[in-house]
Amino acid sequence: NNKYNQMPYCIVVDHKWQCVVISIRGTLSLEDCVVDVLVDPRPLDDLGRQYGFDAEGQYCHSGVFACVEYILEDLERHNILETLLGSSIIAKYPHYKLRLTGHSLGAGCATLLGYIFKQKYPDLRVI
């Protein structure tokens with residue numbers, strides 16, 4: 001059961017490929033369908049300045065943007081990426097690479113998260 005714009009995702013540590021994978025679910029619930037129809041463009045200028053990517057004059061599907069905001073807040077609240085991939089002594093897998101993937105609405109979220117995380121994780125791949 002997900003609420004509006006609270007896109008379910010999972011994090012998997014793949015030891016064989018030395019990657020941390022964030023996989024974001026696609027459209028499934030009625031709430032997801034509501035998010036899908038939120039097609040108003042959302043400017044990315046401020047987000048680009050905040051995370052160090054060129055987004056001047058670029059826009060994003062507002063439903064995808066809202067889901068990405070939720071995922072970012074959730075990752076930060078639980079300190080997940082810093083715990084797994086961070087540069088501090090507490091990081092469990094600092095030499096692992098970050099991979100993002102998703103289907104449908106989740107793919108849109110993975111793409112935008114890729115822009116957000118690329119500067120911090122330069123080996124990042126969106127699959």
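Modeller: The largest pocket holds about 220 Å³ of space. Bear in mind that this is a predicted model.

Colleague: Which elements give two or more residues to the lining of the largest pocket?

Modeller: Start with the lining itself, which has 13 residues. Glu76, Leu81, Phe117, Lys120 and Tyr121 are the ones that lie nearest the pocket's centre. As for elements giving two or more residues, they are helix 3 (62-78), helix 4 (80-85) and helix 5 (105-117).

Colleague: And how many residues of that lining are charged?

Modeller: The lining splits by type into eight nonpolar and two polar residues. That leaves the charged group, which numbers three.

Colleague: Over to the strands. What is the bridge partner of Ile24 in strand 5?

Modeller: Strand 2 runs antiparallel to strand 1 (residues 9-14), with six bridges joining them, and Cys10 is partnered there with Ser23. Strand 2 also pairs with strand 5 (residues 97-102), this time in the parallel sense over six bridges. In that strand 5, the partner of Ile24 is Gly102.

Colleague: Which residue takes a positive phi in the hairpin of strand 1 and strand 2?

Modeller: That hairpin has four residues between the strands. The phi in question is near 50°, and the residue is Gln18.

Colleague: Last one: is Ser104 buried, partly exposed or exposed?

Modeller: Ser104 sits in the loop between strand 5 and helix 5, and beyond its neighbours within four places in sequence it touches Gly26 and Thr27. Its relative accessibility is 40%. Buried means under 20% and exposed means over 50%, so Ser104 counts as partly exposed.

How values were computed
Residues numbered from 1 in each chain as written. Predicted model: local features only at pLDDT ≥ 70, side-chain atom pairs only at ≥ 80, totals over all residues. Heavy atoms only, no water. 1 Å grid on protein atoms, 1.4 Å probe; cavity = no way out; pocket = protein on both sides within 12 Å on 5 of 7 lines; lining within 4 Å. Points joined across faces, edges and corners; volume = space filled by probe spheres on them. Nonpolar A, V, L, I, M, F, W, Y, C, P; charged D, E, K, R; others polar. Pairing = 2+ DSSP bridges. Buried < 20%, exposed > 50% of the residue type's maximum accessible area, 1.4 Å probe, protein only. Contact = heavy atoms within 4.5 Å.
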